[in-house]
2 protein chains.
Amino acid sequence: MRFFEDLQVGQRRELGSFTFTAADIKRFAVQFDPQRFHLDEEEGRKSLFGGLAASGWHVGSVCMKLIVADNQRLLEVARSRGEPIAVGGPSPGFRDLRWLKPVLAGDTISFSSEIESLRVSASRPEWGILQARNAGSNQRGEVVFSVLASAFVPRRNNG
Amino acid sequence: MRFFEDLQVGQRRELGSFTFTAADIKRFAVQFDPQRFHLDEEEGRKSLFGGLAASGWHVGSVCMKLIVADNQRLLEVARSRGEPIAVGGPSPGFRDLRWLKPVLAGDTISFSSEIESLRVSASRPEWGILQARNAGSNQRGEVVFSVLASAFVPRRNNG
């Protein structure tokens, strides 16, 4: 996590990658999205997806997990340098989420995040609000997931 | 699930409710969104949320689960009446997702879905595409979650 004052429009970070195994896909689907094409290989093949496909909510949740892990990594770097620690706030939501292509069992998705806008919160001036385009691409370089996410970011010295 | 031809703009369905226990919130957070305010009551109280709060991805995933369960219920009704079975397709994405208020441990969220638009798919005319406003309200009637979701819906007799 970084402070609002450290951020610039256009900054991009790589969030790492995740391979969606058949077991991962089914485990999420049983809990939250038990549709046939997320639960069974043969049903996946017969569907518009053409194979056992991850729930879109699973893809988004994995992206979230990688963002949190990357924030944790940045926090450790700051801590090791003795720099002040920025603790992030919640997200008010997002716009324009697209599941552009299926994520099939065995696909490895690499996620990234690029800042599209920055502003100070009108109601809580000790916080900034960023909008970032979070996206995931598969091993063939095809974008499979994209979302314009908002998040509260702390200001240095409480603004 | 119903066929495209059975649907009308303005149709609303109640999807049921879900109580987010502290254990549920932490179990999802450990897997997908391990931020302090989703993992620990005291950290939640100190945060903007004011209490142990569910991950927004958890709230959306529970909404998805209730949609799938309601589709399954409609399918059983159709089957018991000997009516043709409509098998739904995937979702290409959604717009305008908002986490309007925190979902705190113990909150019971009731979800609903209301159709906002209907059109035939240009590229796959055997499918329709609906846009529905899916929303969740807490036990005080406050809307906490709202998203405009798209989904493929089968046409009767393949259009």
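A salt bridge here is a side-chain nitrogen of Lys or Arg within 4 Å of a carboxyl oxygen of Asp or Glu. With that in hand, welcome to this predicted model, where the count of salt bridges between chain A and chain B is zero. Over all chains, though, the structure holds 32 of them. The two chains bury about 3200 Å² between them, and 66% of that is on carbon and sulfur atoms.

**The interface between the chains**

- Polar contacts do occur across the interface: six residue pairs make them, with both partners at pLDDT 80 or more.

**Strand pairing across the chains**

- β2(A) and strand β2 (residues 93–99) of chain B run antiparallel, and four bridges join them.

**A closer look at B:W57**

- This tryptophan lies in helix α4 (residues 56–80) of chain B.
- B:W57 counts as buried because its relative accessibility is 6%, and the cut-off for buried is under 20%.
- Setting aside neighbours within four places in sequence, B:W57 is in contact with A:W57, A:G60, A:S61, A:M64, A:F94, A:L97 and A:F145 of chain A, and with B:F28 and B:W99 of chain B.
- B:W57 and B:S80 are 23 residues apart in sequence, and their C-alpha atoms are 35 Å apart in space.

**Salt bridges within the chains**

- Side chains of opposite charge can pair when their charged atoms come close.
- In chain A, the side chains of A:E5 and A:R155 meet in a salt bridge at 3.3 Å, N to O.
- That pair links distant parts of the chain, 150 residues apart: A:E5 is in the segment before β1 (12–19) of chain A, and A:R155 is in the segment after β5 of chain A.
- A:E5 is partly exposed, with a relative accessible area of 38%.
- In chain B, the side chains of B:E114 and B:R12 form a salt bridge at 3.8 Å, N to O.
- This pair, too, links distant parts of its chain: B:E114 belongs to strand β3 (residues 108–120) and B:R12 to strand β1 (residues 12–19), 102 residues apart.
- B:E114 counts as partly exposed, at 32% relative accessibility.

- B:D96 and B:R98 meet through their side chains in a salt bridge at 2.8 Å, N to O.
- The two partners fall into separate accessibility classes: B:D96 counts as buried at 15% relative accessibility, whereas B:R98 counts as partly exposed at 39%.
- In chain A, salt bridges that share partners join A:D96, A:R98, A:E116 and A:R133 into one network.

Conventions: Residues numbered from 1 in each chain as written. Chains lettered and ligands numbered in written order. Predicted model: local features only at pLDDT ≥ 70, side-chain atom pairs only at ≥ 80, totals over all residues. Heavy atoms only, no water. Buried area = accessible area lost by both parts, 1.4 Å probe. Polar contact = N/O pair within 3.5 Å; in protein donor to acceptor, adjacent residues only side chain to side chain. Pairing = 2+ DSSP bridges. Helix = DSSP H or I, 4+ residues; strand = E, 2+ residues; numbered from the N terminus. Buried < 20%, exposed > 50% of the residue type's maximum accessible area, 1.4 Å probe, protein only. Contact = heavy atoms within 4.5 Å.
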